[in-house]
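Me: I would like to go through a structure with you, one topic at a time. Could you keep the answers plain?

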Amino acid sequence: MGLFDIFKKKDDNIANEYTPSVIAKKIAEIIDCPHEFYAPTSDIQTLMDIYEYEYKKGKDNGYIPVWIVPSDTLLETLEMNIEDGQTVDDTNIDGKRFLNLRTSEYGHDGDFPVDRSVYDDWGGDYKTLVFSGWDDFDKKGMTVELILVKIPVSNPWEVIKKVQIGGWNDCPVSEEIMAVLRYWYNEHGAVPALISSDVLEMYLPRPVNDREKAIILAEEHFGFCSDIIFQGVEELNILAQYINNSNIWYFWWD
């Protein structure tokens, strides 16, 4: 598919009898960055093509593209941050140390790193190639309404200054999220790519494709978001293989 085809579909998607919801408009107004609204669609590949195009274009033009999934809960979170006058400054938190501490807290009987024998069963075809935080769970194969925002920041982790999430239940607070994103960007080139009220997805230009790095990352991901094990794939070995083979990382907090 060429760029002309991508943008033709993109224009059709916006114009095809679609009016953004009030919630989507309010969220876009709060984030206050260049943006485009997208109607629900089943054409997932075109959305991925658009993201990858904007990702490459943004590197040359000083912005990070992020899919925003509008909802009452996300709007409430953003509005509360405004009302409370909350701002997120550049953090001095050490992202790697933060993850190590969180991992140790959760650990298997408090013992991390785990016995490496849990990773012996390797070679499964586990991979994630498209975002899933945009799925409409009531309509299989469809996305929900989306906003693609282009956030003008020098560093990808600074996206959290514009879209302040975190601090509920077991989810780290915004400053901690920003520290982790900085660490993972510097180590692996991962950037925030999709944000909803309870999901963060990250994009890498290419999969890790290194067993030892994937194992370390699996334990870091567990420390950052234990729900992806406890209420997700259940096994660190499976998570490590997803990380090894995928250019998308998924985090969900209950």
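**A conversation about the structure**

Me: Which residues does Lys 150 touch, not counting residues up to four places away in sequence?

Reply: Leaving out residues up to four places away in sequence, Lys 150 touches Cys 33, Pro 34, Glu 36, Glu 54, Tyr 63, Ile 64 and Pro 65. Please keep in mind that this is a predicted model.

Me: And where is Lys 150 found?

Reply: Lys 150 lies in strand β3, which covers residues 146-151.

Me: Is Lys 150 buried or exposed?

Reply: Lys 150 is buried, because its relative accessible area is 15% and buried means under 20%.

Me: What joins the side chains of Lys 150 and Glu 54?

Reply: The two side chains are joined by a polar contact of 3.4 Å.

Me: Let us step back. How many helices and strands are in the chain?

Reply: The chain has 10 helices and 6 strands. Of its 254 residues, 48% are buried. The accessible surface of the chain is about 12,600 Å², and 46% of that surface belongs to carbon and sulfur atoms.

Me: Among contacts between residues at least 6 apart in sequence, what share joins residues at least 24 apart?

Reply: The share is 77%. As a separate example of positions apart in sequence, Pro 40 and Val 144 are 104 residues apart in sequence, while their C-alpha atoms are 4.8 Å apart in space.

Me: Where is Pro 40 found?

Reply: Pro 40 is in the loop between β1 (35-38) and α3 (44-61). Pro 40 counts as partly exposed, because its relative accessibility is 40%.

Me: Why would nonpolar side chains be buried together?

Reply: In general terms, nonpolar side chains in soluble globular proteins tend to be buried together.

Me: What does Phe 251 touch, not counting residues up to four places away in sequence?

Reply: Among the residues that Phe 251 touches are Trp 184, Asp 198, His 221 and Phe 224.

Me: Changing topic, how many aromatic pairs does a search of the whole structure find?

Reply: The search finds 17 aromatic pairs. One of them is formed by Trp 184 and Phe 251, which are stacked, at 5.6 Å centre to centre with 10° between the planes. This pair links distant parts of the chain: Trp 184 is in helix α7 (residues 174-188) and Phe 251 is in strand β6 (residues 248-252), 67 residues apart. Trp 184 counts as buried, at 0% relative accessibility, and Phe 251 is likewise buried at 0%.

Me: How are Phe 224 and Trp 253 arranged as an aromatic pair?

Reply: Their arrangement is edge-to-face, at 5.3 Å centre to centre with 85° between the planes. Phe 224 belongs to helix α8 (residues 211-224), whereas Trp 253 is in the segment after β6, 29 residues apart. Phe 224 is buried at a relative accessible area of 0%, and Trp 253 is buried at 2%.

Me: Which residues form one aromatic cluster?

Reply: One cluster is made up of Tyr 38, Tyr 51, Tyr 55, Trp 67, Phe 131, Trp 134 and Tyr 203.

Me: Last one: what sits over the ring of Trp 122?

Reply: The charged end of Arg 211 does, 4.9 Å from the ring centre.

Terms used. Residues numbered from 1 in each chain as written. Predicted model: local features only at pLDDT ≥ 70, side-chain atom pairs only at ≥ 80, totals over all residues. Heavy atoms only, no water. Phe/Tyr/Trp six-rings, centres within 6.5 Å; stacked < 30°, edge-to-face > 60°. Helix = DSSP H or I, 4+ residues; strand = E, 2+ residues; numbered from the N terminus. Buried < 20%, exposed > 50% of the residue type's maximum accessible area, 1.4 Å probe, protein only. Lys NZ or Arg CZ within 6 Å of the ring centre and 35° of its normal. Contact = heavy atoms within 4.5 Å. Areas by Shrake-Rupley, 256 points an atom, 1.4 Å probe, with all protein chains shown as cover. Polar contact = N/O pair within 3.5 Å; in protein donor to acceptor, adjacent residues only side chain to side chain.
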